[in-house]
Amino acid sequence: SMNLADTYAFTGTVTGAGGVNTPAFEANLGSNQTPSNDVNTLVVFDTERYDTDSAYDTSTGKFQPQTAGKYFVYGSIAGQSTVNNGNLYKTTTMIYFNGSETRTQDIIGESNQGVLFARMSVPTSGVFTFNGSSDYVQLYANIQTYTGGDVSIQSNVIRTYFGAYKIIE
């Protein structure tokens, strides 16, 4: 047994400590996206910050790693009402796994409390098991105003992003 209060000098190679968190990617929007009000909309992040294994497709918005394992998937949407500042009711960020909604996070404004929003940033995340061949994830958004009208997904790098990385086999 080892006494954890002692100091040890290792002369060999330590193996089995830590791991490699790839495949991994993170992407952003190059410009604002304008979905319809109160409609689940695929967000296609077209600007990669990094993509270690070319597993993210900027034309379909799919992250489809070819390495099996558990992955931490995360994303955030900055929803905005483009008319009548303060008209935003709800912004929802959804992770779809193999085409089905699996993780959802939303923020709802309280109009009867006098709290109205012009923009809402909503992050979501989850751990998913990928088979290493056909499994994929995409990020969707739903932005709704109180009275209808135009909405947008802001391309602000700080508030709108999508990414994933492998955490274990």
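Student: Why does D38 count as partly exposed?

Tutor: Buried means under 20% relative accessible area, exposed over 50%, and partly exposed in between, with a 1.4 Å probe and protein chains only. D38 is at 40% relative accessibility, so D38 counts as partly exposed. This is a predicted model, in which local features need pLDDT of at least 70, side-chain atom pairs count only at pLDDT 80 or more, and totals for chains, interfaces and linings use all residues. Residues are numbered from 1 along each chain as its sequence is written, and side-chain values use heavy atoms, with hydrogens and water left out.

Student: What makes the backbone at D38 worth a remark?

Tutor: Phi of D38 is near 60 degrees, a positive value in a residue other than glycine. D38 is in the loop between β1 and β2; strands here are DSSP runs of E with at least two residues, helices are runs of H or I with at least four, and both are numbered from the N terminus.

Student: How is S54 classed, and why?

Tutor: The relative accessible area of S54 is 66%, so S54 is exposed. S54 is in the loop between β3 and β4 (56–57), and its phi is also positive, near 50 degrees.

Student: What makes V44 buried, partly exposed or exposed?

Tutor: The relative accessible area of V44 is 24%, so V44 is partly exposed. V44 is in the loop between β2 (41–43) and β3 (47–51). Contact means heavy atoms within 4.5 Å, and beyond its neighbours within four places in sequence V44 has such contacts with residues including L29, Y56 and G61.

Student: How do you know which kind of secondary structure makes up the chain?

Tutor: By the DSSP runs, the protein chain has zero helices and twelve strands.

Student: What makes β7 and β8 a pair?

Tutor: Two strands pair if DSSP finds at least two bridges between them. Strand β7 (residues 88–97) and strand β8 (residues 100–108) are joined by eight bridges in the antiparallel sense, so they meet the rule. I95 stands opposite R103 in β8. The hairpin has two residues between the strands, and N98 there takes a positive phi near 55 degrees.

Student: Why is the pair of F63 and Y71 called edge-to-face?

Tutor: Rings of Phe, Tyr and Trp (its six-membered ring) pair if their centres lie within 6.5 Å; planes under 30 degrees apart count as stacked, over 60 as edge-to-face and the rest as tilted. By this rule there are 15 aromatic pairs. For F63 and Y71 the centres are 5.8 Å apart and the planes are at 70 degrees, so the pair is edge-to-face. F63 and Y71 are both buried.

Student: What makes F63 and F130 a pair, and of which kind?

Tutor: Their ring centres are 6.0 Å apart and their planes at 75 degrees, so this pair is edge-to-face. The pair links distant parts of the chain, with F63 in strand β5 (residues 62–63) and F130 in strand β9 (residues 119–130), 67 residues apart. F63 and F130 are buried. Both belong to one aromatic cluster, whose members include F25, Y71, F128 and F162.

Student: How do you know that R103 lies over the face of F128?

Tutor: A charge sits over a ring if NZ of Lys or CZ of Arg is within 6 Å of the ring centre and within 35 degrees of the ring normal. R103 is at 5.2 Å from the ring centre of F128. The charged end of K62 likewise sits over the ring of Y136, 4.1 Å from its centre.

Student: What makes a set of residues a nonpolar core, and which members touch the most others in the largest one?

Tutor: A nonpolar core is a set of buried Ala, Val, Leu, Ile, Met, Phe, Trp, Tyr and Cys residues joined through side-chain atoms within 4.5 Å. The largest has 26 residues, of which F45, F63, V73, F130, V137 and F162 touch the most other members. Among the elements giving two or more residues to this core are β1 (24–28), β6 (69–81) and β12 (161–168). V73 is in contact with residues including I95, F128, F130, V137 and F162. In soluble globular proteins, nonpolar side chains tend to be buried together.
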